[in-house]
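Please read them with the coordinates open.

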Amino acid sequence: MLKTLVTLDADLASSIALRYACQLANMAGMTLRTIHVEQPGVDEHPPGTGWVRRTWENALLKTREQEIAQLIQAEKSSCPPLAAPKMLIGDREEEILRELEREPYDLFIEGTLYTFSSTSFYKKIRSRLYRNTPCPVILVKNLMILRRIVLLFAFGVDPSSLVKTFLKIFQGIEVDVDLLFCKFEHGGADTTLRREKDADAILAAASSLLAERGRTPKERRVVQDTPEKLGDLFKDYGLVVSSVHRLASRKSPLTELLHRIPSPILFCSP
């Protein structure tokens, strides 16, 4: 049974992420564990050590624990049984990474509110957490129904990694899957023709990998346009499976497209 870690805060993004995680858990039969890391602000430095510090930490976590418990209670009817969240104080990324490395999690899920501003998205995917997480990550931007999933390819994206990750989570789950290759470059006629053949070959390879496990893509196609215009193609998908290089820059067309996609995104290893 797959094991998933969901990070929670007392906010709307976490509520959406938890509800989405519950939907996925009910479909795939996975177990969910939750974690909250309270990161003190600049004016909340720990007072000393020993009993004084422990008292301060316990008081700081008590209120937050009640808020997280209310968030979980609100989703109880649609979620598998959930244990009490792991409550920690410290650096958020460091503590989550430590937890992911402590146990063999198959998936990590967190929420973020969809925004047209790219700054927070780029900061997140280039963060220490995303660059070092030992398992795939689902970033939930909006609450979507998991009826259709698309595997998003581009030049530099390993098709075997995407297919392997998809099958690990969704093997045996009845859900439509599409294959989409996005091209962003602009060249002459010879370059365009060669790239078209390369893209078709990558999609054919992905289709073969799926067929080996008894899965047939519902749709398979190559599209070319700007990230701004391609983003609308994904609005009806319950999940987009792709990858982004851990050192990708803001100028990467694929990174720009992933920012503009409103659906939850499953990031595989590049």
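1. Searching the whole structure gives two cavities of 30 Å³ or more. A cavity here is a set of points, on a 1 Å grid over the protein atoms alone, where a 1.4 Å probe fits but cannot get out, and lining residues have an atom within 4 Å of a point. Grid points are joined across faces, edges and corners, and a volume is the space filled by probe spheres set on the points.

2. The model is predicted: local features need pLDDT of at least 70 and side-chain atom pairs count only at pLDDT 80 or more, while totals for chains, interfaces and linings use all residues. Residues are numbered from 1 along each chain as its sequence is written, and side-chain values use heavy atoms, with hydrogens and water left out.

3. The largest cavity has a volume of about 90 Å³, and its lining consists of T112, L113, Y114, T115, S117, S120, F121, K124, L139, K141 and H259. Helix 4 (residues 119–125) provides the largest share of that lining, three residues; helices (H or I, at least four residues) and strands (E, at least two) are DSSP runs numbered from the N terminus. By class, the lining has four nonpolar, five polar and two charged residues, where Ala, Val, Leu, Ile, Met, Phe, Trp, Tyr, Cys and Pro count as nonpolar, Asp, Glu, Lys and Arg as charged, and the others, Gly among them, as polar.

4. The second largest cavity, with a volume of about 30 Å³, is lined by D178, L179, L180, E219, R221, L233 and Y237. Strand 7 (176–183) and strand 8 (219–224) are the elements that give two or more residues to this lining, and strand 7 gives the most, with three residues. Its classes are four nonpolar, no polar and three charged residues.

5. Leaving aside neighbours within four places in sequence, L151 is in contact (heavy atoms within 4.5 Å) with L162, V163, F166, V177, D178, L179, L180 and V241.

6. Helix 9 (residues 253–260) is largely enclosed by the rest of the structure, because six of its eight residues are buried, that is, under 20% relative accessible area with a 1.4 Å probe and protein chains only. The buried residues are L254, T255, E256, L257, L258 and H259, and their cover includes helix 4, strand 6 (148–153), strand 7 and strand 10 (265–268).

Note on methods. 1 Å grid on protein atoms, 1.4 Å probe; cavity = no way out; pocket = protein on both sides within 12 Å on 5 of 7 lines; lining within 4 Å. Buried < 20%, exposed > 50% of the residue type's maximum accessible area, 1.4 Å probe, protein only.
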